[in-house]
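Hi everyone, thanks for coming. Have a look at the screen with me, and I'll walk you through a few features one at a time.

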Amino acid sequence: MVHNEAMDEVIKAKIDKFFSQYRPRAYPKGQILILNHDENDKVYYLVEGKVKQYDVNYRGEEIILNIFKPPAFFPMSQAINKGDNPYIYEAESEIEVRQAPAKETVQFIKDNPDVMFDLLTRVYRGVDGILGRVVQLSASNAHSRLLYELSIEARRFGAVRPDGSYLLSLHEKDLAARASLSRETVSREVSKLKRKSLIDVTADGVVIFDIDKLERALHHPF
């Protein structure tokens, strides 16, 4: 039996080898990869950067559902189920991707149970995050919803600095889209968090001084 960490490298090597058959493509931040309801017979393999999956509400505001980071590949639901895609996929930073035919990608996953299990693991991890958002939306106030999104973002994408703080490369409009809140509401809540010395906002993004303290505030609101 291969150690889990080593197994991750074996799986990644298999995935890299499969997608290396297809040439890399670079896109700038803001590039739409897939529009909602577009016909799409490709699977994108994310080599570098971040891609957001979102919908737009009746007010024209983005509702972010997921953020993909390497080595993710998407949209697997459409590739497997061959249904309509209701979401928009957009580069949230400069990205590099490889595009493979959906049919060949699905067959590759079927032929490699370890890759399938790894995909399921990541899918369920994402589902847990989405369910957490549902709980926050249905039972929490704006303060808790913002704390939850900051915690999720820090754990998944935060850059840990030498002093142990986390730097998140996002701004108030990004937090508003993630937490399904208005920009004005986020601005008010950010001000409260700054006064409590939980976060700061800089030109580079949001700084979380102490992630454990922030998460305690989520479970024990002040």
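How many aromatic pairs does a search of the whole structure find? It finds 10, and please keep in mind that this is a predicted model. Let's start with F18 and Y22, whose rings are 6.0 Å apart centre to centre with 65° between the planes, an edge-to-face pair. F18 is buried, at 9% relative accessibility. Y22, at 19%, also counts as buried, because the cut-off is under 20%.

Now compare Y44 and F74. Their ring centres are 5.8 Å apart and their planes sit at 10°, so this pair is stacked. Y44 belongs to strand β3 and F74 to strand β6, so the pair ties together parts that are 30 residues apart in sequence. Both Y44 and F74 are buried. There is a cluster to find as well: ring pairs link F18, F19, Y22, Y45, F73 and F108.

On to the sheet. Four strands make an open sheet, ordered β2-β7-β4-β5, with antiparallel pairing. β2 and β5 are at the edges with a single partner strand each, so one side of each has no neighbour in the sheet. For β2, 2 bridges join this strand to β7, and I34 stands opposite Y89 there.

Last stop, the helices α6 and α7. Their axes come within 9 Å and cross at roughly 110°, so the two helices are roughly perpendicular. On the α6 side, E172, K173, L175 and A176 meet R183, V186, S187 and V190 of α7. By class, that contact has 4 nonpolar, 1 polar and 3 charged residues.

How values were computed. Residues are numbered from 1 along each chain as its sequence is written. This is a predicted model: local features need pLDDT of at least 70, side-chain atom pairs count only at pLDDT 80 or more; totals for chains, interfaces and linings use all residues. Side-chain values use heavy atoms; hydrogens and water are left out. Two strands pair if DSSP finds at least two bridges between them. Axes are lines fitted to C-alpha atoms, for helices over the stretch in contact, and angles run from 0 to 180 degrees between N-to-C directions. Angles under 35 degrees count as roughly parallel, over 145 as roughly antiparallel, 65 to 115 as roughly perpendicular and the rest as oblique. Contact means heavy atoms within 4.5 Å. Ala, Val, Leu, Ile, Met, Phe, Trp, Tyr, Cys and Pro count as nonpolar, Asp, Glu, Lys and Arg as charged, and the others, Gly among them, as polar. Rings of Phe, Tyr and Trp (its six-membered ring) pair if their centres lie within 6.5 Å; planes under 30 degrees apart count as stacked, over 60 as edge-to-face and the rest as tilted. Buried means under 20% relative accessible area, exposed over 50%, partly exposed in between (1.4 Å probe, protein chains only).
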